[in-house]
Amino acid sequence: LGGSSSTFDLHVFDRELGDTVLATGMQSGDIRARPAAGWLSVANVSSEAQLTAYAIVADDHPMFRHENWMADTAANIANIPLNELCIVGSHDASTSGINPKSTWASDWTPKSLSPNTAVRTSRAQELTIAQQLIHGVRYFDLRFDRDDSGVFRTVHGLTSDLASVVISALGDFVDSHPGELIVLDVQHVTGANDAQLASLAQLFE
């Protein structure tokens, strides 16, 4: 979408046709961006009226349920290599549980910050992993820390959710949504030696 907040031009990038302007001077209330926009067939859209039929869909339309978007668009994306597929990702994904009582990660020297400031600088996400999955997130940047009691938690400066809870939520979603693919990127693990890492790896099995 381009232009001001009140009017904009609608663009769709097609692999063969390139960047194509489908409509100009659209009002912000005329159309709402949807995951479907990336799969509009430019060749079949000849007018703003037809574009509206393609792009404006009720929130409860089954074609665009975010929690099943991969399964619902399988015919469109099945032959696209994973490294060419545009998916929604979550940076420092599991940090919604960070709160003023959270402890610092084992590799961090506590900063001279008030608890509320520390939370604001550490918590990158407001939604839980389960909520992000329902909203269509499929790539998760995860970081783990092992505390003095031997428990692994997700971390970003301050510790957040139990690793076992996070991994269980991911597994439950995959089990109940067999048409969805999740990409997990474990950026780093702190506070653990090689032997202790094995216990974290077992949680993924």
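**Salt bridges**

I looked up salt bridges and got a count of four. The rule asks for a side-chain nitrogen of Lys or Arg within 4 Å of a carboxyl oxygen of Asp or Glu. This is a predicted model: local features need pLDDT of at least 70, side-chain atom pairs count only at pLDDT 80 or more, and totals for chains, interfaces and linings use all residues. Residues are numbered from 1 along each chain as its sequence is written, and side-chain values use heavy atoms, with hydrogens and water left out.

I took aspartate 92 and arginine 143 to begin with; their side chains meet in a salt bridge at 2.8 Å, N to O. Aspartate 92 lies in the loop between strand 3 (89-90) and helix 4, arginine 143 in strand 4, 51 residues apart. Helices (H or I, at least four residues) and strands (E, at least two) are DSSP runs, numbered from the N terminus.

Arginine 143 also bridges to aspartate 141, with the closest N and O atoms 2.9 Å apart. I noted Asp92, Asp141 and Arg143 as a linked network of salt bridges.

Is this arginine 143 buried or exposed? At 16% relative accessibility, it counts as buried. The cut-offs are under 20% relative accessible area for buried, over 50% for exposed, and partly exposed in between (1.4 Å probe, protein chains only). Aspartate 141, at 3%, is buried too.

Next I checked glutamate 180 and arginine 138, a salt bridge with its closest N and O atoms 3.0 Å apart. Glutamate 180 is buried at 7% relative accessibility, and arginine 138 is buried at 0%.

**Aromatic pair**

I searched the whole structure and found one aromatic pair. The ring centres of phenylalanine 144 and phenylalanine 204 are 6.3 Å apart and the planes stand at 85°, so the pair is edge-to-face. Rings of Phe, Tyr and Trp (its six-membered ring) pair if their centres lie within 6.5 Å; planes under 30 degrees apart are stacked, over 60 edge-to-face, the rest tilted. Phenylalanine 144 is buried at 0%, whereas phenylalanine 204 is partly exposed at 35%.

**Leucine 184**

I placed leucine 184 in strand 7 (residues 183-190). Leucine 184 is partly exposed, with a relative accessible area of 34%. Leaving aside neighbours within four places in sequence, I listed its contacts: Phe140, Leu142, Leu170 and Phe204. Contact means heavy atoms within 4.5 Å.

**Helix 4**

Which residues of helix 4 (residues 115-122) are buried? I found Ala118, Val119 and Ser122. What covers them includes strand 5 (152-156) and strand 6 (158-162).
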